Amino acid sequence: MASTLAVPGTYPTIRDALEVAPDDAVISIAPGTYRERIELSGRRLTLRGTGEEGTVVVDASTLEGPALAVLSGEVTVEGLDLTSGDYPAVAATSARLTVRKCRLSAGYGAGLQATDLSTVEAAEVRVLAGQNGLVFSDSGGTVDSCEVRGVNDDGIIVRLGADPVIRNTTVAECGYRGIYVYQSGRPVIERCDVSGTGDAGIVVANSSSPTIRETWVHQTRGSGFVFGAGCSGAVEQCRVEGTAEPKVAVDPRAQVTVSLSEGGPAPRAGIAADAGGGQDAAEVDRLLTELDSMIGLAGVKDEVRALIDEIQVNEWRRNAGLSVGAASHHLIFTGAPGTGKTTVARIYGQLLKALAVLPNGRFREVSRRDLVGQYIGHTAEKTTSVFEEAMGGVLFIDEAYTLSRAGGASADFGQEAIDTLVKLMEDHRDQVAVIVAGYTQEMLDFLDANSGLASRFAKTLEFENYGPDELVMIATRIAENDDYAFAPGLAEALYEHFSQIERDRNFGNAREARKLLEGMRKAQSGRLRSLGRMPSRDDLTTLVLDDLLTAIR
């Protein structure tokens, strides 16, 4: 069984944990900002962030070197934000590196750089800033359901014979080219979306030979595709729109076959059906088990299982040649904050992916400010852009009721977002799942904002407040995950405390439990510092009644 080392529960820094971690260990990193670099050589390790997206940050922006540097070895990184200064955020050299659900930012450097026969498996990785997004030099691997947006130079670079497979990935708003393949690069690029580049969308040079399938290149300042002399390869069933002329520029000395798609919907990153297709029954079971492990929410769990059962039966009917009605996967989540709506939405998206209903489980969480512009016409553009980014996965709109008209010119921009969403949800109901969430009464008012809005959603799931016993269970689980234990009698005192809290609209449910535990940890710190001796391990891990009384005083 793999060892798990908790940061900062048992070890104050990631470096401290790495110094003692055996091979195959898991470094579990709690939310926070860690101003340090991670350097690994010849190690087999997993580094896993335990918080929501963006809450576990390794910030090396003021340090000399990448935030994560892996030399040889085999390393997996999940759920981290990695930030560097003038170095790559992540650098792999002769290594096997798996990166999942991470966000990468760099100054004058790449988001991720792989060199010297490295193999990189990247899934749901977002490059938020950098000179380049992803750079493969003499390396390979797979890039799946990733996003490179707003980098200063080229979005993705493939060079020196590198041969990664890049699929279902968005490359947008790059300062120069979207994808640059040169020096005998041999990538496979399929079902990608390249747009908004300062020059050409995809450029191939120096004897390179890519295969590019079902990819959409659009709104670029330069040509869509450019192939230089001595290059070969294939462009198959790709769509080119809104680019400079010529849309496809092929040097006469290149040997390239080009087949463009003129009709039908434009291929989007992550939207084309996977040729492998099929449902992943084991993954469905795992996700349902994860859902069942959540505290409370019995009604919500039953509703989700009913939705999954319906999807499975429809698939059986389809395979049997029977008729299957059109289905919407859009949902409404109602209830107070802190009742698990975001977590359930993420699991639901992964379930749709595992059932082959949607091609990826990408999760895009937004609020009013992400959808509403500052002048007439701007809102429709912003809303459409956000919607397209979520294609193939889940668009989760928290506090959606804030989009409803409330009087005044600025509120009308929210109404424009609603009207735009209604049309997009109908046009792309097979390509995305939209989940809107908020307080129960306010969500009823939200649905009245457009006559066609309510009909777009398949079901409403009501998330009830947690009871005192469930809040104690939540507090206990959070404490155990952070290497704390409750002294005898503390659980009963917590139950009494949660029973007496007024359940108004500002009550935070699980957030209330987490906030209270944070107060108890601070109280424990003050208590231990006043002992006049070095605290024992039991002292460090045990929370007592006095800590609770101090926290709520």
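In the predicted model, 10 strands are arranged in an open sheet with parallel pairing, and their order is β4-β7-β10-β13-β16-β19-β22-β25-β28-β30. The edges of this sheet are formed by β4 (38-41) and β30 (248-250), each of which pairs on one side only.

Strand β6 (residues 56-60) is joined to strand β9 (residues 81-84) by 4 bridges, the two strands running parallel, and A60 stands opposite S84 of β9. Strand β9 is in turn joined by 3 bridges to strand β12 (residues 103-105), again in a parallel arrangement, with S105 in β12 as the bridge partner of T83.

When neighbours within four places in sequence are left aside, the residues in contact with S28 are T4, L5, A6, V7, R48 and T50. One of these contacts, R48, also takes part in a salt bridge with E78, in which the N to O distance is 2.9 Å. This pair links distant parts of the chain, since R48 lies in strand β5 and E78 in strand β8 (residues 74-78), 30 residues apart. The two partners fall into separate accessibility classes: R48 is partly exposed at 34% relative accessibility, whereas E78 is buried, with a relative accessible area of 17%.

Strand β5 (residues 44-49) also contains R44, whose side chain forms a salt bridge with D23, the closest N and O atoms being 3.7 Å apart. The partner D23 is placed in the loop between α1 (14-20) and β2, so that this pair, with its members 21 residues apart, likewise links distant parts of the chain. Here R44 counts as partly exposed at 36% relative accessibility, and D23 counts as partly exposed at 38%.

A further salt bridge is formed by D292 and R305, for which the closest N and O atoms are 2.7 Å apart. Because D292 lies in helix α2 (residues 281-292) and R305 in helix α3 (residues 298-319), the pair ties together parts that are 13 residues apart in sequence. Relative accessibility is 37% for D292, which counts as partly exposed, and 32% for R305, which also counts as partly exposed. In general, side chains of opposite charge can pair when their charged atoms come close. Over the whole structure, the search finds 28 salt bridges, and a network of salt bridges links E147, R149, E173, R364 and E389.

Among the helical residues, Q350 is located in helix α4, which covers residues 341-354. With a relative accessible area of 13%, Q350 is buried. Its contacts, leaving aside neighbours within four places in sequence, are made with K101, E124, L287 and G361. For the pair Q350 and S61, the C-alpha to C-alpha distance is 33 Å, and the two residues are 289 residues apart in sequence.

At the surface, a nonpolar patch is formed by L545, L549 and I552, which together have about 230 Å² of accessible area. One of its members, L545, is placed in helix α13 (residues 545-552), and, with a relative accessible area of 42%, L545 is partly exposed.

Notes
Residues are numbered from 1 along each chain as its sequence is written. This is a predicted model: local features need pLDDT of at least 70, side-chain atom pairs count only at pLDDT 80 or more; totals for chains, interfaces and linings use all residues. Side-chain values use heavy atoms; hydrogens and water are left out. Two strands pair if DSSP finds at least two bridges between them. Contact means heavy atoms within 4.5 Å. Patches are made of residues with over 30% relative accessible area and no salt bridge: like charges are joined within 9 Å, nonpolar side chains (Val, Leu, Ile, Met, Phe, Trp, Tyr) within 5 Å. Accessible areas come from the Shrake-Rupley method with a 1.4 Å probe; for residues, only the protein chains shown count as cover. A salt bridge is a side-chain nitrogen of Lys or Arg within 4 Å of a carboxyl oxygen of Asp or Glu. Buried means under 20% relative accessible area, exposed over 50%, partly exposed in between (1.4 Å probe, protein chains only).
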